[in-house]
Amino acid sequence: GLFVPKPVVNVGINGDPNEGSLGFTLFGLKQVGFAPIVYSNSDIAAGKPIVDGVNVLILSRVVSLAPVTAAYVTGIQQYLSSGGSLIGEYDGAALVMNVFFGSNPIISNFDPSLRLFTGYATGGGPLVPIQNSTMNLVDSNDPLMAGMPSTYLDGGVAAFALSGFDTSWLHTSAVFNSAGTGGFVPPGTYPAVLSGRCGAGRVVLITMSEFGQITDTPMQTLVKNAVNWVTGN
């Protein structure tokens, strides 16, 4: 289907409250001007974001501690079929892929996954040395990168390495480099920010654990850009 712009922005967020970062993420989102409705996994499975008219659903730290259920996956699929857009951060970004591998224990939590795109995901561990926690802009004309610095070192993050996806569906706006130190993330250059179309909505994937710095100006700029882009504003 074709993308349908959303004249009114209504944001929801889903993540495991036991992971511990949800409160800080909500604080940062409110600084940007968004006050999301918080949804549990059972709320997602029950279709509550659709009932509430949510058109931007943020997935952050969803499977850091435990996998989701098949009913949850169905709930996300139904939400997307209704025309909603997704913003996935860290494991919420990796969750859209269909093949997962690696030794990090979190990898076992991606069964089931959303399987929105064909592609590979591995990693999920810290990017060391600290210099590799740098996001490097590669498409300065991308609206997601408007106002973003060409490089952004945020002081230490974890990341998922996404690869093997169809670049005609997903566009890379920024990348990170992994030295492979400690075996947490395989060596190479991988997307830090991806975007694409998903039915009548859009999807933005932030593969680094950047919401840990959501009160920083560059991350607040990226979040605002992402919400505006997925809603067509």
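What you're looking at is a predicted model, in which local features need pLDDT of at least 70 and side-chain atom pairs count only at pLDDT 80 or more, while totals for chains, interfaces and linings use all residues. Residues are numbered from 1 along each chain as its sequence is written, and side-chain values use heavy atoms, with hydrogens and water left out.

Strand β11 covers residues 188-198. How many of its 11 residues are buried? Eight are, so the strand is mostly covered; buried means under 20% relative accessible area, exposed means over 50%, and partly exposed is in between (1.4 Å probe, protein chains only). β11 pairs with β12 (residues 201-206) in the antiparallel sense, over six bridges. Two strands count as paired if DSSP finds at least two bridges between them. In this pairing, Arg197 stands opposite Arg202 in β12. β11 also runs antiparallel to strand β10 (residues 170-178), and eight bridges join those two. There, Phe176 stands opposite Tyr190 in β11. As a general point, side chains in a regular strand alternate between the two faces of the sheet.

**A three-strand sheet**

Elsewhere, three strands make an open sheet with mixed pairing, in the order β5-β6-β9. Its edge strands are β5 (99-100) and β9 (158-163), each of which pairs on one side only. β6 (residues 120-126) runs antiparallel to β9, and six bridges join them. One detail to find in the structure: Pro126 has Ala158 in β9 as its bridge partner.

**Some backbone angles to look up**

| Residue | Backbone feature | Value |
|---|---|---|
| Pro112 | cis peptide bond from Asp111 | omega near 10 degrees |
| Pro129 | cis peptide bond from Val128 | omega near -5 degrees |
| Arg61 | positive phi, residue other than glycine | phi near 55 degrees |
| Tyr90 | positive phi, residue other than glycine | phi near 55 degrees |

Where do they sit? Pro112 is in the loop between β5 and β6, and Pro129 is in the loop between β6 and β7 (134-137). Arg61 lies in the loop between β3 (56-60) and α4 (70-81), while Tyr90 lies in the loop between β4 (85-89) and α5 (91-94). Is Arg61 buried or exposed? Its relative accessibility is 9%, so Arg61 counts as buried. Tyr90 is buried too, because its relative accessible area is 8%.

**The whole chain**

Now zoom out. The chain has six helices and 12 strands, and 55% of its 233 residues count as buried. The C-alpha atoms fill a box of roughly 45 × 35 × 35 Å, taken along the principal axes. Among contacts between residues at least 6 apart in sequence, 71% join residues at least 24 apart; a contact means heavy atoms within 4.5 Å.

Note on methods:
Helices (H or I, at least four residues) and strands (E, at least two) are DSSP runs, numbered from the N terminus.
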